[in-house]
Amino acid sequence: MEVRLETKRLYLRPFGSADVEDLFEYANQIKVARAAGFSCCETLPQAMLFGAMLQRAGSLMLELKETQKVIGNIGLYQVAHKDKVCELGYALNEDYWHKGYMSEALGAVVAYAKARGLKRLEARVARHNQASSKVLLKNGFLAGEKYHVDDWYVENENKDQQLFYLELA
């Protein structure tokens, strides 16, 4: 089943090939990639592959109702060995930071998660990413443990992380 959500200013919907230029615009921004923990897309074909990966993972694109521009993405990902627990991930075009768009999208995704019967949402945030921590706290998440990640694929500046969680049931 294809998920589509709607908020006051946004449509949340799956990636489509027409989104590639908008996706490239923010997936190419160093601050966005650093905050979300992915490598910058340097070409449109890389952005298309990234979009296809987001689509396969079930991520939703944040589309502005007013202009039909895609400004970010948000997704829920099953946590291994945890029943009815999903991890939340998101990214937002830096031109749209501090305007409430991610909080708006997060509210819709939390409502969707509750309706699906999920018990808990988790988000892992690099400790330097205070804006993301604030978005989660504003939306009812609690700050959990702080820890260090030694995985080879995690950039050095993102190795110090904090867990945030929201109990839904």
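User: Where is Ser17 found?
Analyst: Ser17 sits in the loop between strand 2 and helix 1. Helices (H or I, at least four residues) and strands (E, at least two) are DSSP runs, numbered from the N terminus. The model is predicted: local features need pLDDT of at least 70, side-chain atom pairs count only at pLDDT 80 or more, and totals for chains, interfaces and linings use all residues. Residues are numbered from 1 along each chain as its sequence is written, and side-chain values use heavy atoms, with hydrogens and water left out.

User: Why is Ser17 called exposed?
Analyst: Compare its value with the cut-offs. Buried means under 20% relative accessible area, exposed over 50%, and partly exposed in between (1.4 Å probe, protein chains only). Ser17 has a relative accessible area of 54%, so it counts as exposed. Its C-alpha atom is 8.0 Å from that of Gly51, 34 residues apart along the chain.

User: How confident is the predictor in the protein chain?
Analyst: pLDDT is the predictor's confidence in each residue, from 0 to 100. The protein chain averages 90, and 92% of the residues score at least 70. Where pLDDT is low, the predicted coordinates should not be read in detail.

User: What makes helix 1 mostly covered?
Analyst: Count its residues. In helix 1 (residues 20–27), 6 of the 8 residues are buried. They are Val20, Asp22, Leu23, Phe24, Tyr26 and Ala27.

User: What covers the buried residues of helix 1?
Analyst: The cover includes helix 2 (30–36) and helix 3 (44–57). Strand 3 (60–64), strand 4 (70–78) and strand 5 (85–92) are also included.

User: How many disulfides does the search find?
Analyst: The search of the whole structure finds 0. A disulfide is a covalent bond between the sulfur atoms of two cysteines. Here the cut-off is a pair of cysteine sulfur atoms within 2.5 Å.

User: What makes Ser59 buried?
Analyst: Ser59 has a relative accessible area of 1%, so it is buried. Ser59 lies in the loop between helix 3 and strand 3. Contact means heavy atoms within 4.5 Å. Not counting residues up to four places away in sequence, Ser59 touches Arg13, Pro14, Leu54, Ile74, Gly75 and Tyr77. Its C-alpha atom is 22 Å from that of Lys134, 75 residues apart along the chain.

User: How do you know that Ser132 is buried?
Analyst: Its relative accessible area is 9%, so Ser132 is buried. Ser132 is in helix 5 (residues 130–138). Leaving aside neighbours within four places in sequence, Ser132 is in contact with Tyr90 and Val125.

User: Why does Asn129 count as buried?
Analyst: Asn129 has 11% relative accessibility, so it counts as buried. It lies in the loop between strand 6 (120–126) and helix 5.

User: Why is Lys84 called partly exposed?
Analyst: Lys84 has 33% relative accessibility, so it counts as partly exposed. It lies in the loop between strand 4 and strand 5. Lys84 is not a glycine, yet it has a positive phi of about 60°. Gln68 is not a glycine and has a positive phi of about 65°. Gln68 is in the loop between strand 3 and strand 4.

User: What lines the second largest pocket?
Analyst: A pocket, on a 1 Å grid over the protein atoms alone, is an open set of points where a 1.4 Å probe fits, with protein on both sides within 12 Å along at least five of seven lines; lining residues have an atom within 4 Å of a point. Among the lining residues are Val3, Leu5, Ile74, Gly75, Leu76 and Arg116. Strand 4 gives the most, with 3 residues.
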